[in-house]
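Hi,

Here is the structure I promised to pass on. Have a look at it first, and then read my notes below.

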Amino acid sequence: MRPDLNIISEWIRAGSRVLDLGCGDGALLAHLRDDQQVNGYGLEIDADNILKCIQAGINVIHTDLEAGLSDFDDDTFDYVIMTQTLQAVQHTERLLDEMLRVGREGIVTFPNFAYWKCRVQLALGGLMPVVKTLPHTWYDTPNVHLFTIRDFEALCRHKRIHVLQRIVVDYAHRSSLGLRVLPNLLGELALYRLGRA
Amino acid sequence: MPDRFPPDSVGLVTPRTLHFDQPLGLDCGRTLTTYELIYETYGTLNAARSNAVLICHALSGDHHAAGYHAGEQPKPGWWESAIGPGKPIDTRHFFVVCCNNLGSCRGSTGPTSPNPDTGKPYGPDFPIITVRDWVRSQARLADSLGITTWAAVIGGSLGGMQALQWAIDFPDRLGHAVAIAAAPKLSAQNIAFNEVARQAILSDPDFHEGHYYEHGIVPHRGLMLARMLGHITYLSDEGMRTKFGRELREGKLNFNFDSEFQVESYLRHQGHAFVERFDANTYLLMTKALDYFDPAADFNHDLAAAFQRAQARFLVISFTSDWRFSPARSREIVKALIAARCEVSYVEIKSEYGHDTFLMPIPRYIEMFKAYLERVAREITPDAT
């Protein structure tokens, strides 16, 4: 399993209800189900991924996230998770609102666009950065909103979203003293646990 | 009958009939004191009796879901695309049961059967049957076959509604419910189409208020119109355009009311063929069963409350071009299942064939369906692939 998913699973209480937005092949939900008795559902739009979820016995709901989460009532889930997907959706702000409407807490991970290698490539090379966490060329990418740790926290402040927990890691998903001191410069991937205002 | 059946077919099958003497109380308040159910089975029931799967048929379907009957035209059962060795409902793993529903004209007790009180066919006196009544009668059939728990109850359209009703009415008697191209209840538009179909039959002078058997006649025109109307709702605009377009049978306009466009001749053919094999009183009953289906009604119109008691795990499938029971209707089911904390997966399959897609071997659909049931099979026999 991806190391960032390991970190997330440590944040989730055993026996809770989870919604995973863009659940891919269902690896996180399978892990949470098998090891933490989590009752989870994944939302996915890609048919190959949906098939993998069904094969793995994961509850998967064919959904276009851009259409919002109107099929879910308020407070249906303990956690709504979105791993490395927020930068790829059109209506970022609305989706954040929706996450914290249907879930009591939100868990979000995203690639940090202010990572120093991105800054160097843009500032000195004059090119859109291509790094391990952002491996796509500008003309062929699922990402529509690239943002930084500072950007995200400013949005949270603006929307009065509580940051309950934050871990900033490098590509190998390790933390370090440097990352803790200069997260927006050295961090490649940011993980947040969010609560409502 | 073909000399050899395709290798992925269950081959030659023979229906069986079970007679029931234990009276069956119906939702309408009446009781069927005695009745028969005709059914077919494919595959082998295992020693633990844990691999049985129930197939529920739709409006005009019957017990002949797969394989071939002796001495007939080489036309297989209605769900041959999904049932057989290596197919989604894999008869190497499952013991598949499909019965004809009460009120039908295809072998189980219905309007064409003799009323024990009069010795004459029930005709219009046959009680209005509901989806719940069917499920109750199917449970009796399961008892008779020694099946306590179905590994899965599976159906498309009206059949999918039966699968949902099973999960609500007999929560501990099924492991999985698969509802394909279904809806949690009919919309006003759905009921409106049914009503026009019924009026076509009821207003046919040959209908004789349902007693046409005694007149040695069938309300051909009414039943044909009902089927033609129904058939339009089974296809999509896109599908009809692809299949027929505005093709003219003779290549030119004749300025009369004969069947000129290909789509007209197709619908007329479908209507005629249907009258040959179906009964008008049964058509009325089946459309009523659809109209009345509303499992939430018993739970203060809260579908999630209805599913609260369900223990089955669910697979819900819809088709993009199905406007009879659109993907939005399937999503209503999924939404309620999630609110009720039921396990559910939902897939929306791209297809231009409309409601009828559930009968077709669309690769994506078959692949998802098969993947789900392989998991069901794995739960039964851990060594199965």
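A salt bridge here is a side-chain nitrogen of Lys or Arg within 4 Å of a carboxyl oxygen of Asp or Glu. By that rule the count comes to 32 salt bridges over all chains. Before I go through some of them, a bit of housekeeping. This is a predicted model, where local features need pLDDT of at least 70 and side-chain atom pairs count only at pLDDT 80 or more, while totals for chains, interfaces and linings use all residues. Residues are numbered from 1 along each chain as its sequence is written, chains are lettered from A and ligands numbered from 1 in the order in which they are written, and side-chain values use heavy atoms, with hydrogens and water left out.

Some salt bridges within the chains

In chain A, Asp34(A) pairs with Arg33(A), with their closest N and O atoms 3.0 Å apart. Arg33(A) is partly exposed, because its relative accessibility is 32% (buried means under 20% relative accessible area, exposed over 50%, partly exposed in between, using a 1.4 Å probe and protein chains only).

In chain B, Arg132(B) and Asp298(B) form a salt bridge at 2.5 Å, N to O. Arg132(B) sits in helix H1 (residues 131-145) of chain B and Asp298(B) in the loop between helix H7 (280-292) and helix H8 (303-307), so this pair ties together parts that are 166 residues apart in sequence. (Helices, H or I with at least four residues, and strands, E with at least two, are DSSP runs numbered from the N terminus.) Both partners are partly exposed: Arg132(B) at 28% relative accessibility and Asp298(B) at 47%.

Arg375(B) and Glu379(B) also form a salt bridge, at 3.5 Å, N to O. They are four residues apart in helix H10 of chain B, which means that about one helical turn separates them. Arg375(B) is buried, with a relative accessible area of 9%, but Glu379(B) is partly exposed at 40%. Elsewhere, salt bridges with shared partners link Asp27(B), Arg132(B), Asp133(B), Arg136(B) and Asp298(B) into one network.

Where the chains meet

On to the interface: 21 residues of chain B are in contact with 22 residues of chain A (contact means heavy atoms within 4.5 Å). About 1900 Å² is buried between the two chains, and carbon and sulfur atoms give 51% of that; buried area is the accessible area (1.4 Å probe) that two parts lose on being put together, summed over both. Arg331(B), Lys335(B) and Ile338(B) supply 28% of what chain B buries against chain A, more than any other three residues.

Three salt bridges are counted between chain B and chain A. One joins the side chains of Arg331(B) and Asp71(A), at 2.4 Å, N to O. On the chain B side, the elements giving two or more residues are helix H9 (327-339), strand E10 (344-349) and helix H10 (363-380). H10(B) gives the most, with seven residues.

A covered strand in chain A

Finally, look at strand E7 (residues 189-195) of chain A, where seven of its seven residues are buried. Strand E5 (residues 103-111) of chain A pairs with E7(A) in the antiparallel sense over seven bridges (two strands pair if DSSP finds at least two bridges between them). Thr109(A) has Leu191(A) as its bridge partner in E7(A). Strand E6 (residues 162-169) of chain A is also joined to E7(A) by seven bridges, again antiparallel, and there Gln165(A) has Arg193(A) as its bridge partner.
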